[in-house]
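I opened my notebook for a structure that was new to me. Here is what I looked up, entry by entry.

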Number of protein chains: 2
Amino acid sequence: MKKIINQPEHVVDEMLQGLVFMHGQLVERLDGYDVIVRKAEKRGKVGLISGGGSGHEPSHAGFVGRGMLSAAVCGAVFTSPTPDQILEAIKAADEGAGVFMVIKNYSGDIMNFEMAQELAEMEGIEVASVVVDDDIAVENSLYTQGRRGVAGTILVHKILGHAAETGKSLAEIKELADKLVPQIKTIGLALSGATVPEVGKPGFVLEEDEFEYGVGIHGEPGYKKEKLQPSKELAEELVAKLLQDFEATAGEKYGLLINGLGATPLMEQYVFANDVAQLLESKQIEVVYHKIGNYMTSIDMAGLSLTLIQLEDSSWLEALEATVETPAW
Amino acid sequence: MKKIINQPEHVVDEMLQGLVFMHGQLVERLDGYDVIVRKAEKRGKVGLISGGGSGHEPSHAGFVGRGMLSAAVCGAVFTSPTPDQILEAIKAADEGAGVFMVIKNYSGDIMNFEMAQELAEMEGIEVASVVVDDDIAVENSLYTQGRRGVAGTILVHKILGHAAETGKSLAEIKELADKLVPQIKTIGLALSGATVPEVGKPGFVLEEDEFEYGVGIHGEPGYKKEKLQPSKELAEELVAKLLQDFEATAGEKYGLLINGLGATPLMEQYVFANDVAQLLESKQIEVVYHKIGNYMTSIDMAGLSLTLIQLEDSSWLEALEATVETPAW
């Protein structure tokens with residue numbers, strides 16, 4: 001394992017210290033916890049939290065800040081955060097108007113976030129949540145019943161963050177979240193596996209000329225391994241799957257997120273973007289919002305994911321475009 | 001070679017098309033050229049351009065936009081852009097107040113930018129320039145007399161971009177640039193070599209447990225290969241070299257840039273940041289500006305660089321913090 005780290009068991013702690021050092025104007029760490037909270041003044045609005053296992057940086061702590069998350073809980077690498085950590089995030093996010101939790105669809109995450117919700121409610125904090133299951137690659141997976149939650153989650157953070165920032169109530173945010181999540185779909189591919197520091201070797205190994213469609217962000221198996229193909233063909237497969245799942249028709253408006261998984265350079269992401277652009281244009285799908293870069297990574301996995309969000313509702317586009325103050329949006 | 005591309009010889013063209021598709025609100029491509037220009041209205045200010053070989057994305061095209069570069073010239077991968085391309089960038093950047101060129105210190109770049117300057121001056125455009133040579137790792141290198149120009153260049157873009165934006169004259173920007181460049185120093189390390197698409201294999205190969213200090217962003221040799229060490233020890237070496245070169249003393253103010261070289265995840269960059277923080281604190285160096293992420297990459301090289309900029313002049317800090325509208329700052 002070749003990594004710029006110290007002891008593997010200290011990676012999350014040291015990473016969070018580094019994050020707070022680099023972005024100390026925007027965020028701070030809850031004393032004694034693996035929870036990053038924003039420094040913005042509390043103004044009686046709904047708190048918004050998310051989190052999960054570490055290893056997906058900048059998710060989720062990089063999206064803490066004015067206009068997005070109030071707090072992010074950072075579990076051990078690829079491991080659900082514990083209920084006590086989530087409870088502290090809820091308490092830190094609470095401004096008196098309730099706290100909304102964005103949970104990626106992994107069984108451990110759901111169990112622990114729900115347990116924390118119960119504990120918070122016993123302390124008088126109203127809590128609601130949504131489960132993001134945007135990955136259309138497979139039904140059920142290693143750690144998931146149904147579909148996995150992946151890169152589309154950051155669009156949920158952004159749109160719900162705007163709703164909280166503009167003073168929407170907890171009930172209104174719950175209603176928005178339930179409408180929003182089914183309109184966000186993602187599918188990815190991997191060229192190599194990620195190495196968890198405490199494990200020391202890649203979670204899976206592909207042949208020199210092989211890649212895999214539909215791999216999860218913890219290395220969960222995808223749906224098809226093939227010999228490496230030109231970017232155009234990769235884009236054809238992913239775009240076709242997404243449009244089919246949306247039952248998309250000509251003239252519809254979408255937002256597009258191309259997400260690098262950690263080790264894939266922007267050069268490749270832009271080449272892929274060009275292929276996606278041509279395919280969507282040929283289908284007369286109008287792209288009204290664009291975002292590209294490493295947002296929901298899988299440590300040092302090579303590969304990328306493609307997310308589409310249906311944007312018929314112009315207020316969602318406005319929410320995506322709103323200015324925020326976070327380390328990584 | 002495992003990459004998400006189509007034909008290797010089309011990578012730059014397709015990447016630029018992808019970039020314009022993803023960031024079309026901010027930038028456009030000069031018809032028939034590998035030049036990215038900002039869409040902002042011309043307002044009679046000094047134009048600021050940069051560029052070089054491709055493969056360093058988001059540098060430099062990602063820094064085109066209001067408040068930073070007027071245009072970026074994108075050569076073939078790791079290859080200086082040709083004078084005719086640079087000339088078009090100068091002409092596109094010209095708003096009537098002259099054009100300033102930020103050139104990284106590579107012999108080919110300097111020759112071609114200077115040739116373009118002569119051509120532009122024959123067309124009546126006043127041109128000035130600065131050569132950035134921030135990499136303290138080695139004196140002279142494969143393609144360089146003196147020191148190489150690397151990640152610190154983006155800080156030059158930012159501070160000079162602010163000067164241009166606020167209406168400084170070409171002479172004032174030249175004076176500022178000449179003061180600024182000696183106050184920016186960088187040093188890096190690599191865990192793996194970069195693969196140029198048209199070459200198809202890494203420019204250099206390190207052993208499984210080996211890394212190299214001071215490698216250049218085109219894979220130029222560094223100054224020392226060693227067995228991989230904990231991040232703390234890597235940070236000690238790089239921080240010591242930089243502080244020595246600055247002849248830094250306790251109480252001085254610096255800005256800090258930690259730059260991933262392409263394949264190194266944020267997890268490792270933050271762990272490294274934490275080690276740098278502790279070292280600088282122990283030396284009583286005050287860090288007043290922080291930036292972290294992949295800004296001056298070497299395609300898919302694993303590794304990172306550390307840049308310090310002396311910020312005794314508070315106007316430089318203000319320039320670094322000013323809001324800009326670019327794809328990647």
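I began with a rule: a salt bridge is a side-chain nitrogen of Lys or Arg within 4 Å of a carboxyl oxygen of Asp or Glu. By that rule I found two salt bridges between chain B and chain A. In one of them, the side chains of B:Glu268 and A:Lys3 meet at 4.0 Å, N to O.

A note on the ground rules: this is a predicted model, where local features need pLDDT of at least 70, side-chain atom pairs count only at pLDDT 80 or more, and totals for chains, interfaces and linings use all residues. Residues are numbered from 1 along each chain as its sequence is written, chains are lettered from A and ligands numbered from 1 in the order in which they are written, and side-chain values use heavy atoms, with hydrogens and water left out.

**Entry: the two copies**

I laid chain B on chain A and got an RMSD of 0.0 Å, with a turn of 180° and a shift of 0.0 Å along the axis (least squares on the C-alpha atoms of residues with pLDDT of at least 70 in both). The two copies are thus related as by a two-fold rotation axis. Which residue of chain B comes closest to the rotation axis? I found B:Ala263, its C-alpha at 1.9 Å.

**Entry: where they meet**

The contact (heavy atoms within 4.5 Å) takes 60 residues from chain B and 60 residues from chain A. I saw that 100% of the interface residues of chain B are also interface residues in chain A, so the copies meet through the same surface. Together the chains bury about 4700 Å², 68% of it on carbon and sulfur atoms; buried area is the accessible area (1.4 Å probe) that two parts lose on being put together, summed over both. In chain B, the residues that lose the most area to chain A are B:Lys2, B:Ile4 and B:Met267, together 20% of what that side buries.

**Entry: salt bridges within chain B**

B:Asp300 pairs with B:Lys3, the closest N and O atoms being 3.1 Å apart. B:Asp300 lies in the loop between β11 and β12 of chain B and B:Lys3 in the segment before α1 of chain B, so the pair ties together parts that are 297 residues apart in sequence (helices, H or I of at least four residues, and strands, E of at least two, are DSSP runs numbered from the N terminus).

Is B:Lys3 buried or exposed? I noted that B:Lys3 is buried, at a relative accessible area of 3% (buried means under 20%, exposed over 50%, partly exposed in between, with a 1.4 Å probe and protein chains only).

Next I checked B:Arg29 and B:Asp13, whose side chains form a salt bridge at 2.8 Å, N to O. B:Arg29 counts as buried at 18% relative accessibility, while B:Asp13 is partly exposed at 38%.

I also looked up B:Asp275, which forms a salt bridge with B:Lys232 at 3.3 Å between the closest N and O atoms. B:Asp275 sits in helix α7 of chain B and B:Lys232 in helix α6 of chain B, so this pair links parts 43 residues apart in sequence. B:Asp275 is buried at 3%, and B:Lys232 is partly exposed at 37%.
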